[in-house]
Amino acid sequence: LEARMQQAQRLESLGQLAGGIAHDFNNLLAVILNYAAFIIEDAAGSAPAADAEQIARAARRGSDLTHQLLAFARREVIRPRPLDLNTVVTEVHQMLERSLGEHITLTVRTTAALPAVMADPGQLEQVLVNLAVNARDAMPTGGRLTIDTAEVRVDEEHSAARAGLSPGRYLRLRISDTGTGMPKEVIDKAFEPFFTTKPSGQGTGLGLATVYGIVTQAGGTVQIYSEPGIGTTFTILLPVTDVRAQEAAVEESVAGLAGH
Ligand code: ADP
């Protein structure tokens, strides 16, 4: 648990650092893009214009990268609320259906009437999208992507295996692909910010670090099971929130206020 807390704190400070740099860098890139645009305009059709186009193109690539960094480090207000995981999965399903392409078969299996989890809906969407994008990248010639939800119970025995997750009720979200799989060295580093095996310009190494940050912040865990040549499964556990206990707490404080 200690190690996990340290990891979370390290990610948090890295996130702040990355966010600060990305913000300043983005401003610099905007200046470069503006001046490149002036040159292109003044020197229309000549050699300097072509050179300036190259500058503008590089600056635009840099700008895309900084936007991804900013998304990772987002200091947006997070609003956790009791949430139906199936609703989030269904919404993302429709979006993924359009963006995954025909050669990937997407199957979504939700277990009906799940209890609520405490999370920010936008953040959970982000988790699903990041994992789906990775799955797509791991299946360049096609394959199957399966997303399923269920309620599971973590008992004492599981709890030890789950890096100290306390026993109780959890929702399980699984994302499985039939892609390239990940060798052990990759699994070991996969959640580290900026770790990527993708060619430069295609991967930032921030997708899984973001997933890790969101899931641990919500009190959950994320585990990777992968076999090279067979595929990869990401298993996320999120604690079930006791909505009734929360309502009771609110009623109590309202009653307390009324009494004054
Ligand atoms: P990025 O996708 O930008 O490389 P991520 O943090 O999302 O960054 O992923 C880190 C690395 O983990 C990837 O470069 C890839 O090697 C590996 N990886 C992640 N998801 C999968 C997957 N579903 N199948 C195979 N490898 C994966």
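Among contacts between residues at least 6 apart in sequence, 70% join residues at least 24 apart; a contact here means C-beta atoms, placed from the backbone, within 7 Å. You're looking at a predicted model, where local features need pLDDT of at least 70, side-chain atom pairs count only at pLDDT 80 or more, and totals for chains, interfaces and linings use all residues. Residues are numbered from 1 along each chain as its sequence is written.

Color by secondary structure to start: the protein has 8 helices and 7 strands. Those are DSSP runs (helices are H or I, at least four residues; strands are E, at least two), numbered from the N terminus.

**Stop 1: H3.** Select residues 85–99, the 15 residues of helix H3. Now show Leu85, Val88, Val89, Val92 and Leu96, the buried residues of H3. Buried means 20 or more other C-beta atoms within 10 Å of a residue's own, exposed means 12 or fewer, and partly exposed is in between, with C-beta atoms placed from the backbone. An α-helix has 3.6 residues a turn, so residues three or four places apart point the same way. The cover over these buried residues includes strand E2 (104–109) and helix H4 (121–137). Just after H3, stop at Gly101, with its positive phi of about 90°.

**Stop 2: the core.** Next, pick Leu131, Val211, Val215 and Leu238, the residues with the most contacts inside the largest nonpolar core, which has 42 residues. Such a core is a set of buried Ala, Val, Leu, Ile, Met, Phe, Trp, Tyr and Cys residues joined through C-beta atoms within 7 Å. Zoom in on Val211: leaving out residues up to four places away in sequence, Val211 touches Val127, Asn130, Leu131 and Val222.

**Stop 3: the strands.** Show E5 and E7, which run antiparallel and are joined by 8 bridges; strands pair if DSSP finds at least two bridges between them. Click Arg174, whose bridge partner in E7 is Thr235. Opposite Thr235 you'll also find Gln223. Strand E6 (residues 221–227) pairs with E7 in the antiparallel sense over 7 bridges. Their hairpin has 3 residues between the strands, and Gly229 there takes a positive phi near 85°.

**Last stop: Thr111.** Find Thr111 in the loop between E2 and E3. Is Thr111 buried or partly exposed? Thr111 is partly exposed, because 13 other C-beta atoms lie within 10 Å.

Key. The expected span of a helix is 1.5 Å times one less than its number of residues. Two residues are in contact if their C-beta atoms, placed from the backbone, lie within 7 Å.
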